[in-house]
Amino acid sequence: MTVLRLARSELKRMTGGLLPKLTILALIMVPLLYGAVYLYANWDPYGKLNQIDAALVVEDAGATSADGTRLEAGRKVAESLVDGHVFNWQTVSGTEEADQGVSTGKYAFALKIPRDFSENLVSPGSFDAANQAMLNVTTNDANNYLLSTIVDKLTTAVHTTVATEVGEETANQLLTGFGTIHSQMLKASDGAGELAGGVANLHDGTVTLHQGTGDLRNGAAELYTGQLKLRDGANALSTGAAELNGGLAQLKDKTATLPADSRALADGAAQVAAGNAALNSKVQGLAGQLAASERASAQAAALAERGRVAASTSRLVANGTITPAQAEAVLADFDANPAPPAPPGPAAASLQAAAAQTRQLADGSAAVSAGAAKLAAATPALGGAISQASAGAGQLAGGAATLAAGQQSALDGAAKLSEGAQTLDDGAARLESGAATASEGAGTLAAELAKGAGQVPNPDDSQKDSLAKVMADPVAVSNVSQAKAGSYGAGLAPFFLTLALWIGVFMLIQAMRPVTQRALASNAPAWKIAVGGWLPFLAVSAVQASLLTLVVDVGLGLNPAHPWLMWFLMLAAAMAFSAIIQGVVALLGSPGKLVVLILLVLQLVSSGGTFPWQTTPQPLHVVHQLLPMGYVVNGMRHLIYGADLAVILPTMLGLLGYTLLGTALSTLAVRKHKYWTLKTLKPEIAV
């Protein structure tokens, strides 16, 4: 007896009549009823939340922000909720009506926006009484437990949106305030810079002032010294002026007869000059006569001498001593070089000397006469001048006395001026020191204000918008999905398809025999009988898997990323599940069906079909590692959503291992049941 003959005989038995055929057809449809229908009912529940009635109560009275902007946040939230059509919102007039509707089930839940919603939203802007804006939600788990979770997510989203919008506005106002502070600090820095410049100029002025007061102090000291000398000079001047006044008074008295005396002197000098002129005229005449007489005598002597020379040269020519030409040359030479005149005689010389003295005396007498005349003419004016000088000297003496008294007062004032200049110089020194300190402080103030202004943000409008958004919502989530389920039903599909395959095979065991009695009575090897008993289960479960895959892909629109690989994985899962279930029931009999049911329950809670298996209690982690359903669910997710395919080959090999394990259990069961006992003929329990 071959394996295929054993399998064919079992399939023929189950399809031998109409009722068996209907039974097999019903068993094939079991996975569809559990997997496809359940997925169909829950394919997109979030997309149909708008069919759920929810109460919306808007009591917000609005508020005015610090900058005068009117805020109607409650109305805006209500409008956005209604326009979003997430739920079928029903506007209710009061809180009591909404709560009553939730209690009776008329409304799934109620969202209430209180009267002070907007007022509390703008309260952070005043820094006085900042309060949180509340959204009041009323739920009732008796209406639906999961609905409360959905509503919590909705209200959280509303809260985040409103908080972001209001926070953005508040942050914008805050950043605007920073910009104002920045500009004002810059103005203050500029003012401090101007102040520093002014104080620096003041310092320069105080330096100049100090120098000036130093010069003033020195000048005042010199002025005092000069005033002291001037006072002494004024005293000396007063004394001298008094003496001058006395002397000029005496001179005036002594020169009172001077005009008459000078006139008499002029007249006498004129007479003397006239007599000297007459005397000079006579003396000069005598001197001229005497000189003419001496010239005549000299000429006569010269002529006599030429006669003697001519006579001598004639004798020499006659003697033949000289020639006539030589004689003429001698006479010509004598004529060209006459003998010098003889000096005047003693009388003539005396007369000439007397004539010269007489001439000088006449000239001096004339000059004295002219001077005496001028003196006589000027003497009256000199007398008047002496009188005026005497009067002026009197005035000078009085003024000098007054000057001396005034210089004493000036000396006292110069002393006070010197003391004041010293005090002023000391004050200027202190002022210079204070101005230097003030200049340094003003410069430091300007620098620190400029530095502080640079540290205060001054964003422009675009930067304020960007920063306000970041401050209002500082954390953004960039969600990169490596593999994503298209819908809620697609998210549950791996779990429910795997679960439907297990339940489908479990239902087969209710109508199909794990091992036939005829095969046990044969002499065929145990492994052939075991494989022959498993193949009918494999054939029907393969049809179940194929039909379920076709309906979910085409009918529900699952659209897996790897449809063919998904189908092969479904077939491999059907192969492993059918081998394990057939082997367990073949080995244990009717109690084995209870074991299969227990395995189903354990895999329901440990496979991670809904929540991650890591969230289950620690003992169930071991169950997840040992049983096949968790591996099939994980592999199905990778094939449906398009994730990494590296886990598929280990999953296939694992399912092959579970298949061999089931076949081994079935072989062990065949060997066990080859030997009949009383329990075999009459079992204690039959299911």
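Let's start at Pro 45, which sits in the loop that links α2 (18-41) to β1. Helices and strands here are DSSP runs (H or I over at least four residues for helices, E over at least two for strands), numbered from the N terminus. What you are looking at is a predicted model, in which local features need pLDDT of at least 70, side-chain atom pairs count only at pLDDT 80 or more, and totals for chains, interfaces and linings use all residues. Residues are numbered from 1 along each chain as its sequence is written, and side-chain values use heavy atoms, leaving out hydrogens and water.

Back to that proline: is Pro 45 buried, exposed or partly exposed? With a relative accessible area of 29%, Pro 45 is partly exposed, because buried means under 20%, exposed means over 50% and partly exposed lies in between (1.4 Å probe, protein chains only).

Four strands make up an open sheet in the order β4-β1-β5-β6, with mixed pairing; two strands pair if DSSP finds at least two bridges between them. β4 and β6 (136-139) are at the edges with a single partner strand each, so one side of each has no neighbour in the sheet. From one strand to the next, the twist averages 25°.

Strand β1 (residues 53-58) runs parallel to β4 (residues 88-91), joined by four bridges. Asp 53 has Asn 88 of β4 as its bridge partner, and Ala 55 stands opposite Gln 90 in β4. β1 also pairs in the parallel sense with β5 (residues 109-113), again over four bridges; there, Val 57 has Lys 112 as its bridge partner.

Two helices lie across these strands. Helix α3 (residues 73-84) lies across β1, β4 and β5, at about 160° to β1. Helix α4 (residues 95-104) lies across β1, β5 and β6, at about 160° to β5. Axes are lines fitted to C-alpha atoms, for helices over the stretch in contact (heavy atoms within 4.5 Å), and angles run from 0 to 180 degrees between N-to-C directions.

Finally, a word on confidence. pLDDT is the predictor's confidence in each residue, from 0 to 100. The protein chain averages 74, and 62% of its residues score at least 70. Helix α14 (residues 563-588) has the highest confidence, at 91, and helix α19 (residues 678-681) the lowest, at a mean of 56.
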